[in-house]
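These are my notebook entries on one structure. I record what I looked up and how each term is defined.

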Amino acid sequence: MATTTGVRRLNESPRAELIDRLLNCLDITRWAADIADARPFADAEAVQRTAANAAPDLTDSEIFQALAAHPRIGERPADTGRGAEFSRREQAGVGDDLAEELRAANLEYERRFGHVYLVCASGRSGEELLEILRSRLDNKPDDELRIVDSELRKIAALRLAKVIEP
């Protein structure tokens, strides 16, 4: 399969520049470095396969670091970086009509688990995101952290696709 322009650009980027771009997808240096060091890639599928397998067994501190780069569901990010733009698009289905319910549910979640609620919001309505949040409140903290790990990787895959083909 022919290399696309986006994959070619990724392959040719200086390592530090590429890692910086990848950190907008998932703010875990080990993950970004694993991908950067696996170059060159034949195609976008190879990039995504590498990303899915990069940085196996994320540590709790890595997960918490990555979470810090995500706004609460229902809140718009204050900064203007590429990661913030991704968040704005991913949460496009969250309307202002649920703002108070989401705020209260987010706070309940944060009291329970000690970190922000994270879910792959792309293509989901505010009602669905609120329902998912409430369904996860009964999870054990360790189980919830594994779910967050999985959601971080889903978000990273979507964002990586946009980095490959902006």
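I began with cysteine 25, which is buried, with a relative accessible area of 1%. Buried means under 20% relative accessible area, exposed over 50%, and partly exposed in between (1.4 Å probe, protein chains only). Cysteine 120 also counts as buried, at 12% relative accessibility. I then searched the whole structure for disulfides (pairs of cysteine sulfur atoms within 2.5 Å) and found 0. A disulfide is a covalent bond between the sulfur atoms of two cysteines.

I note the basis of these entries: the model is predicted, local features need pLDDT of at least 70, side-chain atom pairs count only at pLDDT 80 or more, and totals for chains, interfaces and linings use all residues. Residues are numbered from 1 along each chain as its sequence is written, and side-chain values use heavy atoms, with hydrogens and water left out.

Next I looked up the whole chain. The protein chain has 9 helices and 0 strands. Helices (H or I, at least four residues) and strands (E, at least two) are DSSP runs, numbered from the N terminus. Of the 166 residues of the protein chain, 45% count as buried. I also looked at contacts (heavy atoms within 4.5 Å). Among those between residues at least 6 apart in sequence, 70% join residues at least 24 apart.

Which residues of helix H5 are buried? In H5 (residues 60–67), I found Glu62, Ile63, Ala66 and Leu67 to be buried. They lie on the same side of H5, because they cover an arc of only 140° around the axis. The arc is that of the directions from the helix axis to the C-beta atoms. The buried residues of H5 pack against helix H3 (29–37) and helix H9 (141–164).

I then turned to the backbone in the loops. The peptide bond from arginine 39 to proline 40 is cis, with omega near 5°. Proline 40 lies in the loop between H3 and helix H4 (44–53).

In the loop between H4 and H5 I looked up alanine 55 and aspartate 57. Alanine 55 has a positive phi of about 45° although it is not a glycine. For aspartate 57, also a residue other than glycine, phi is positive and near 55°.

My next entry concerns aromatic rings. A pair of aromatic rings is described by the distance of the centres and the angle of the planes. Rings of Phe, Tyr and Trp (its six-membered ring) pair if their centres lie within 6.5 Å; planes under 30 degrees apart count as stacked, over 60 as edge-to-face and the rest as tilted. By this rule I count 2 aromatic pairs. Tyrosine 109 and phenylalanine 113 form a tilted pair, 4.7 Å centre to centre, with 50° between the planes. Both residues lie in helix H7 (residues 99–113), 4 residues apart, about one turn of the helix. Tyr109, Phe113 and Tyr117 form one aromatic cluster.

Finally, I looked up glutamate 110, which is also found in helix H7. Glutamate 110 is buried, with a relative accessible area of 17%. What does its side chain contact? It makes a polar contact with the side chain of arginine 72, at 2.6 Å. A polar contact is a pair of N or O atoms within 3.5 Å; within protein, one must be able to donate a hydrogen and the other to accept it, and residues adjacent in sequence count only if both atoms are side-chain atoms.
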